[in-house]
Amino acid sequence: MGNRSGVLELAVLGLLHEAPMHGYELRKRVNAQFGWGRVLSFGSLYPCLKAMLRNGLITADPGTPGTGRRPKIVYTITADGKDHFAHAMHDAGPSAWEDDTFGVRFSFFGRTDPATRLRILEGRRARMEERLANFRAAMTRTAERVDAYTLELQRHGLESAEREVRWLNELIDGERRQQRPPDLHQPPN
């Protein structure tokens, strides 16, 4: 799931889980929800949709024609598509916490079981802590050799990683609190 087309497939299946959509609407929703406005084009979306059709993950039905327009094709997720999506969302391996994949998976966490969510969050935190260590080491090694702008860019990367680690810690704490069984043995007053 780590490649770009796999991430796009996951995004499309997740959106079609909500409701059937035509291609333009899908592109608009993917761009808005995942911030791919400059990256996702119809040249990327339609080949992905065609592959998903071939694999039986979605169906395509011609919609009703508008005035002077040809009908828009409406895409719907199939039972196999729902199974594929559920299986992909249950995967908590390293590809689940990579930069390209994490945001898409996180946006569909409501359809992910708590134990899988926790594993993904912990994996992402470990990845970001590793990145923090690399930023700190690079800044220490290069502080005297780079110009002020490069140093600012490194500092920005460091601060962004620190902010994400804090956010992940809060999410992990929240997940753990939700998973903890209630304390039935309250001390008497």
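Predicted model: local features only at pLDDT ≥ 70, side-chain atom pairs only at ≥ 80, totals over all residues.
**Entry 1: α6 against α7**

I started with helix α6 (residues 114-142) and helix α7 (residues 148-179). Their axes come within 9 Å and cross at roughly 155°. Angles over 145 degrees count as roughly antiparallel, so that is how α6 and α7 run relative to each other. I also looked up the handedness: α6 passes α7 in a left-handed crossing. Sorting the contact of α6 with α7 by class gave me 16 nonpolar, 6 polar and 11 charged residues.

**Entry 2: salt bridges, the count**

Next I turned to charge pairs. Side chains of opposite charge can pair when their charged atoms come close. With a cut-off of 4 Å from nitrogen to carboxyl oxygen, I get 10 salt bridges. I followed up some of them below.

**Entry 3: Arg127 and Glu98**

The closest N and O atoms of Arg127 and Glu98 sit 2.1 Å apart, and the two form a salt bridge. Where do Arg127 and Glu98 lie in the chain? Arg127 is in helix α6, while Glu98 is in the loop between α4 (79-90) and α5 (99-107); the pair links distant parts of the chain, 29 residues apart. I checked accessibility too: Arg127 comes out at 21% and counts as partly exposed, and Glu98, with a relative accessible area of 30%, is partly exposed.

**Entry 4: Glu162 and Arg136**

Back to the helix pair. Glu162 and Arg136 form a salt bridge, with 3.1 Å between the closest N and O atoms. Glu162 belongs to helix α7 and Arg136 to helix α6, so this bridge ties together parts that are 26 residues apart in sequence. Glu162 is partly exposed at 24% relative accessibility. Arg136 is partly exposed as well, at 42%.

**Entry 5: Arg155 and Glu152**

I then looked at a pair inside one helix. The side chains of Arg155 and Glu152 meet in a salt bridge at 2.5 Å, N to O. Both are in helix α7, and they're 3 residues apart, so about one helical turn separates them. For accessibility I noted 37% for Arg155, partly exposed, and 39% for Glu152, also partly exposed.

Technical notes
Residues numbered from 1 in each chain as written. Heavy atoms only, no water. Axes fitted to C-alpha atoms, helices over the stretch in contact; angles between N-to-C directions. Helix = DSSP H or I, 4+ residues; strand = E, 2+ residues; numbered from the N terminus. Parallel < 35°, antiparallel > 145°, perpendicular 65-115°, else oblique. Left-handed = near helix turned anticlockwise from the far one by under 90°. Nonpolar A, V, L, I, M, F, W, Y, C, P; charged D, E, K, R; others polar. Buried < 20%, exposed > 50% of the residue type's maximum accessible area, 1.4 Å probe, protein only.
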